[in-house]
Every structure is written in structure tokens, then in C-alpha cells.
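Please read the numbered points with the model at hand.

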Amino acid sequence: MSSTRKERNGLVDWIKAIGVALILAIIIKKFLIEQYVVYGESMMPTIQNGNRLIVNKIGYEISQPERFDLIVFKANPEEDYIKRVIGIPGDHIAYRDDKLYINNKPVAEPYLKEFKRFAGNRTLTGNFTLEEITGHDTVPKGKIFVLGDNRLHSIDSRHIGFVEMTDIVGEANIRYWPMDELKVFNGFKKE
């Protein structure tokens with residue numbers, strides 16, 4: 001075989017490899033995972049402005065998120081928001097005296113401990129019921145109720161209403177930047 005033919009075959013192999021890599025990258029980005037940069041402080045202290053996240057898209061088209069997942073959703077045509085799932089379909093949500101009640105039972109929110117410590121006597125989350133905010137007794141089928149961890153500075157379901165399940169991009173699973181704050185998120189049970 002001549003060296004010209006070998007060079008041509010080598011070039012074709014490289015073009016094929018690059019083509020396959022590009023196709024795989026497109027498939028991964030479209031259906032499996034996506035990288036996000038966080039802008040804003042609505043999820044402090046859990047997630048800070050400028051953090052970089054890996055969002056898992058697998059299964060969010062067909063399943064419902066779990067309570068306390070950190071999700072990214074389409075807030076409007078130009079923006080995606082990251083918030084914490086507080087209410088899933090069928091849940092009744094209320095806040096009284098800075099305490100979350102789901103289905104009339106108090107629920108701990110350990111991810112707010114740091115903020116509550118710094119807030120002192122200040123209330124982080126004002127009193128409300130789902131009925132007052134949305135006009136519904138419970139979270140409707142196909143929707144979720146979300147809150148930002150920085151309750152004093154978050155645009156969330158208290159302002160925009162329920163989030164449609166179809167608007168969910170995926171679950172934020174990993175904070176990879178800054179490197180010294182690398183963290184795997186897995187609901188509040190492990191935070």
C-alpha cells in the first residue's frame with residue numbers, strides 16, 4: 001500500500017472519529033446531561049452566584065421529581081431557574097412561624113440552618129398557605145411547587161405559581177466549580 005493511500009485512510013479515520021464524537025456530544029447534551037452556570041443568589045447558601053453545575057436530564061421527561069430535589073426549569077423563553085422542589089402533586093403546603101408544613105405536618109429543612117443562624121430573630125419565610133398564593137388546596141397533577149433556599153431574595157412559586165412538569169430540564173446533581181466546593185446533591189437527606 002502506498003504512503004498516499006495510508007495517509008488518505010488515516011485522514012478518513014480521523015474525520016469519522018471526529019464525526020462520531022460530535023454526534024455523541026450532541027446526544028449527551030440533548031438527552032443526558034447539561035452544564036449550567038448559576039446567576040443570582042436565590043439558592044444561597046446551597047448554591048452561590050457563579051457556581052457551575054451538572055444537570056441530569058435522564059428520566060425527567062417521564063417521571064416526577066422528588067420533594068427537595070434541586071431542579072432546573074424553563075421559567076420563560078429566555079431563562080432557566082434553579083429551585084428546590086417543596087410540593088409535589090397532592091401536597092398541601094403552608095408556612096407558619098418560619099416552619100414548613102406539608103400535608104399539615106411540620107417538615108425539617110436542614111438546608112436552611114446556615115441562613116437561620118445568621119438571620120437571628122429575622123423570619124426567612126413569611127407565613128402563607130397554598131390557597132392564599134395559588135387558589136388551590138393542593139398541588140395539581142402535572143405541577144410542582146418550588147422555593148429558593150434564599151427565601152428573602154428568591155423569585156419562586158410564591159411569585160410565579162406552580163411549575164409545569166413539562167418545563168423541568170432536569171435535576172442539579174453536581175456542583176463542580178469552584179473545585180474546592182465540589183459537591184454531589186441528593187435531596188436534603190444527604191445535605
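1. Among contacts in the chain (heavy atoms within 4.5 Å) between residues at least 6 apart in sequence, 60% join residues at least 24 apart. This is a predicted model, in which local features need pLDDT of at least 70 and side-chain atom pairs count only at pLDDT 80 or more, while totals for chains, interfaces and linings use all residues. Residues are numbered from 1 along each chain as its sequence is written, and side-chain values use heavy atoms, with hydrogens and water left out.

2. The chain has four helices and twelve strands; these are DSSP runs numbered from the N terminus, with helices (H or I) of at least four residues and strands (E) of at least two. Of the 191 residues in the chain, 40% are buried. Here buried means under 20% relative accessible area, exposed over 50%, and partly exposed in between, with a 1.4 Å probe and protein chains only. The accessible surface of the chain is about 11,400 Å², and carbon and sulfur atoms account for 57% of that area. Such areas come from the Shrake-Rupley method with a 1.4 Å probe; for residues, only the protein chains shown count as cover.

3. Five aromatic pairs are present in the structure. Rings of Phe, Tyr and Trp (its six-membered ring) pair if their centres lie within 6.5 Å; planes under 30 degrees apart count as stacked, over 60 as edge-to-face and the rest as tilted. The pair of Phe128 and Phe145 is tilted, because the ring centres are 6.0 Å apart and the planes meet at 35°. Phe128 belongs to strand S8 (residues 128–129) and Phe145 to strand S9 (residues 143–147), so this pair ties together parts that are 17 residues apart in sequence. Both Phe128 and Phe145 are buried.

4. Phe145 also pairs with Phe162: the centres are 6.4 Å apart and the planes stand at 70°, so this pair is edge-to-face. It links distant parts of the chain, since Phe162 lies in the loop between helix H4 (157–160) and strand S10 (163–164), 17 residues from Phe145 in strand S9. Phe145 has a relative accessible area of 0%, and Phe162, at 16%, is buried as well. Ring pairs join Tyr95, Phe128, Phe145 and Phe162 into a cluster.

5. Where does the charged end of Arg84 sit? It is placed over the ring of Tyr111, 3.7 Å from the centre. Lys83 lies over the face of Tyr81, at 5.4 Å from the ring centre. The criterion is that NZ of Lys or CZ of Arg is within 6 Å of the ring centre and within 35 degrees of the ring normal.

6. Most residues other than glycine have a negative phi, and most peptide bonds are trans. Met44 and Pro45, however, are joined by a cis peptide bond with omega of about 0°, and Pro45 is in the loop between strand S1 (33–37) and strand S2 (52–56). Phe68, not a glycine, has a positive phi near 80°; Phe68 is in the loop between S2 and strand S3 (70–74) and is buried, at 4% relative accessibility. Asp97 has a positive phi of about 50°. Asp97 lies in the loop between strand S5 (93–96) and strand S6 (99–102) and is exposed, with a relative accessible area of 69%.
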